[in-house]
Amino acid sequence: MAERVIPLHDQRIAALAAPRPAVAQAPTGRLFDALQRPLRDLRISVTDRCNFRCSYCMPKEVFGKDYPYLPHADLLTFEEITRLARLFLAHGVRKIRLTGGEPLLRKNIEQLIEMLAGLRTVEGEPPELTLTTNGSLLKRKAHALRQAGLQRVTVSLDALDDAVFQRMNDVGFPVAEVLEGIAAAQAAGLQPIKVNMVVKRGTNDDQIVPMARHFRGSGIVLRFIEYMDVGSSNGWCLDEVLPSAQVRARLQEAFALVPLPPGAPGETAERWGYAGPDGRHDPALGEVGFISSVTQAFCRDCNRARLSTEGRLYLCLFAERGYDLRALLRAGVSDAELAASLAAIWGSRNDRYSEIRALLPPQTRRSARRIEMSYIGG
Ligand code: SAM
Ligand code: SF4
Ligand code: SF4
């Protein structure tokens, strides 16, 4: 078994100064990185706090009572987030996902959603607006979120069995309340709903088939996510990754599945549909997705930028350092200057960690300075 590394220090030390190009060109909606990947998807982390302690994300030993969360003054305000989002949209972003930590813990999140929903893409359309949540506050908030302009939600749920789920969230949170949250989201029209299940070998892999059986035919898309080596506090080791191909094989022992064409470019999930008696995909039974970030790199189409709670722009989930956009915002730069800085940052992007992971020396792979999932939000 590989050695586990659980460093106890704060991960967020290093920031890069955002470039300030001398000449500012107006955004054209067509911005490409150094590997010719467009900018399409913006993930915004709105808090670094969470009410769960999932062992693969915020293990209690690291995220204890004394963990130094960001003080409120360090967080981007809703106005700052909205201003940046507007400029990202001008550069070609079409989809905005709010995340965290647990995004529903951010006070007045509905207000931010309303502000973001009022923005437009370069095509003049409202941005696709969605949110990833652990579901714990969804029952209470689903209706207000929908009213504010949220279109969809993705809910994380790792097991149907209460004992397994409570062990994984490590705060004793019951499955039933997440399921009630999902039902409330459905009733509020936050559709189509996706459910994300992180699969850890030996922890919840016995839940694969029960989860599939539960969501089959419900209109909800269940997606299986390979346990990733993000951050440095979860003590990740390869032995605990169950490759998607094996997850699919287990499902195929219970259900007939047929491959479906890929979704939009940059879509991370491989799609498989449940087949009806004629052997063809039966849309009424729905589909499942596999996100294979460990065994199958999808960097080639990666069009995602990530904005941290304190306004740092990360170009990859596995980046060590982000660009300090908050410093620019609070220095009073103009929209044109901010847009030019975003263009310069994205234009120089060449990250493709998942593709080169296997080639990296082990000490680089387990760098203690890598950002945490709870900080950047997945
Ligand atoms: N708290 C919210 C939630 O759990 O949905 C949003 C933030 S969470 C960091 C976003 C997603 O990242 C969740 O679906 C979670 O399961 C996933 N995640 C966290 N750590 C992970 C890891 N080590 N490997 C794979 N997925 C992970
Ligand atoms: Fe919280 Fe989500 Fe991380 Fe679990 S995965 S600890 S719910 S941020
Ligand atoms: Fe994108 Fe980085 Fe993940 Fe590759 S490793 S898909 S570049 S976030």
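Colleague: Counting a residue as near a molecule or strand if one of its heavy atoms lies within 4 Å of it, which residues are around ligand 2?

Modeller: This is a predicted model, in which local features need pLDDT of at least 70, side-chain atom pairs count only at pLDDT 80 or more, and totals for chains, interfaces and linings use all residues. Residues are numbered from 1 along each chain as its sequence is written, chains are lettered from A and ligands numbered from 1 in the order in which they are written, and side-chain values use heavy atoms, without hydrogens and water. The residues around ligand 2 are Cys-50, Phe-52, Cys-54, Tyr-56, Cys-57, Met-58, Gly-101 and Asn-134.

Colleague: How many residues of that shell around ligand 2 are nonpolar?

Modeller: Ala, Val, Leu, Ile, Met, Phe, Trp, Tyr, Cys and Pro count as nonpolar, Asp, Glu, Lys and Arg as charged, and the others, including Gly, as polar. The shell around ligand 2 has no charged residues and two polar ones, and its nonpolar residues number six.

Colleague: How many charged residues are in the shell around ligand 3?

Modeller: Among the residues around ligand 3 are Arg-304, Arg-306, Asp-351 and Arg-352. Besides seven nonpolar residues and one polar, the charged residues of this shell number four.

Colleague: Is Arg-43 buried or exposed?

Modeller: Arg-43 is found in strand β2 (residues 41-45), a strand being a DSSP run of E with at least two residues. Leaving aside neighbours within four places in sequence, its contacts (heavy atoms within 4.5 Å) include Arg-304 and Arg-306. Buried means under 20% relative accessible area, exposed over 50%, partly exposed in between (1.4 Å probe, protein chains only). Because its relative accessibility is 13%, Arg-43 counts as buried.

Terms used: A residue is near a molecule or strand if one of its heavy atoms lies within 4 Å of it. Helices (H or I, at least four residues) and strands (E, at least two) are DSSP runs, numbered from the N terminus.
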